[in-house]
Amino acid sequence: MNETTPSQTVGPFFGYALPYGDGPRVVPEWHPDAIRIHGGVFDGAGEPLPDALLEIWQAGPDGEVPRAVGALTRDGHDFAGFGRCGTDAAGHYWFSTLKPGGPTPYLALLVFARGLLKPVITRIYFPDEPGNAGDPVLSGVPPERRDTLVAVREHDRSYRFDVRLQGEQETVFFAV
Amino acid sequence: MSDPHPPYLHPPYQSTPLRAPSRPLIVPAYGPDAVELSSPVFGHSELGTFDNDLTRQHRGEPLGERIIVTGRVLDSSGRPVPNTLVEVWQANASGRYIHARDQHPAPLDPNFTGAGRCLTDADGRYRFVTIKPGAYPWRNHHNAWRPAHIHFSVFGTAFTQRLVTQMYFPGDPLFAYDPIFGSIADEKVKERLISRLDMDTTVPEWALGYQWDIVLGAIPAEDS
């Protein structure tokens, strides 16, 4: 029996309810190992989405799934592994976090928006990781589309990852 | 098992044609892994005293019909999901959101923000005290009105279960005209989004009670 409650869009008016002050700040920017992941969310016409909500969930630097409380109220100490950021008027989001450990580091990413009747789920991989070549999930993506899952290094501490919901350069989304 | 969720592309909802992914979703080769099969942990220390009572977040009481909304968060086997974060947001009794971009010319209520959250108890139960939201117009098409609804966001035990949805009220005459509710084709599945008036939840002389259970999707590993 499958009585699963169906999804409905997050709509345009979540901005006063779901985002919270330290949502994008999984670790503070001044943390010595902090990295920035940021980018834009775009529709099929290439227009930015000012009303999207992004959530990341990831392993810690030790490669383990975080079990610490503190995703809503950051205590500046424990790593809770969850971040949430609404896009700004230019469709831009950002997170300050730690790079996950493990052979193939990645962040799980959910995107909600007005016009998305259910979220899209994808992964943010890091460039220049030897583990990427053997990663079963990345390898299961058609080669010409794999780049959409790999962040672009801007400098040592900053990576850009754009989300394109539709079109030629559409980001790969997963069915899970 | 048929997919209960609406499709990405549902043209009557005019925000979908440019935002719906157009390429096939990829089924991960070995399914999601440990990260995607787990969920962030939230604690009571992170919540405020009145986070689950939307009628007590300001100096005075909000206008409108006070209601209690409660139910259980269940997994696909019907087991309760305890300690999971449930967030809600909604319009006020006049059908107006406090959000800056809501331009509906209905009054804001200085005693109502319309946002709340709570953790489910050991039995998977959530409970909010709030005000029945009003219907409101939107610009999707000529004379478009949304049925009264409360937005819900639920985590569950796996990131792949993450659910954002809307709870409706029984017998709303706007159901037939709403392309968001109508994005779900199956009438039986639609009914899962409609709460039930419950006289056992209702508190005499004080507030009507509505029951609404939320059933999360199966976690992939459970299927195999």
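This is a predicted model: local features need pLDDT of at least 70, side-chain atom pairs count only at pLDDT 80 or more; totals for chains, interfaces and linings use all residues.

Me: Great. How many residues of chain A and chain B are in contact?
Reply: 69 residues of chain A are in contact with 79 residues of chain B, where contact means heavy atoms within 4.5 Å.

Me: And what area is buried there?
Reply: About 6400 Å² between chain A and chain B, with carbon and sulfur atoms giving 61%. Buried area here is the accessible area (1.4 Å probe) that two parts lose on being put together, summed over both. On the chain A side, Gln8(A), Phe13(A) and Tyr16(A) lose the most area to chain B, together 13% of what that side buries.

Me: How many salt bridges cross that interface?
Reply: Eight, by the rule, which asks for a side-chain nitrogen of Lys or Arg within 4 Å of a carboxyl oxygen of Asp or Glu. Glu3(A) and Arg192(B) form a salt bridge through their side chains, at 3.4 Å from N to O.

Me: Switching to chain B: is strand S4 mostly covered or uncovered?
Reply: Mostly covered: five of the seven residues in S4(B), residues 125-131, are buried. Buried means under 20% relative accessible area, exposed over 50%, and partly exposed in between (1.4 Å probe, protein chains only). Strands are DSSP runs (E, at least two residues), and helices are runs of H or I with at least four, numbered from the N terminus.

Me: Which strand does S4(B) pair with?
Reply: S1(B), residues 66-74, in the antiparallel sense over seven bridges; two strands pair if DSSP finds at least two bridges between them. Arg72(B) stands opposite Arg125(B) of S4(B).

Me: Why does Phe128(B) count as buried?
Reply: Because its relative accessibility is 2%. Phe128(B) is in strand S4 of chain B, and beyond its neighbours within four places in sequence its contacts include Ile67(B), Val86(B) and Phe152(B).

Me: How far apart are Phe128(B) and Asp51(B)?
Reply: 77 residues in sequence, but 8.7 Å in space, C-alpha to C-alpha. Asp51(B) is also among the contacts of Phe128(B).

How values were computed. Residues are numbered from 1 along each chain as its sequence is written. Chains are lettered from A and ligands numbered from 1 in the order in which they are written. Side-chain values use heavy atoms; hydrogens and water are left out.
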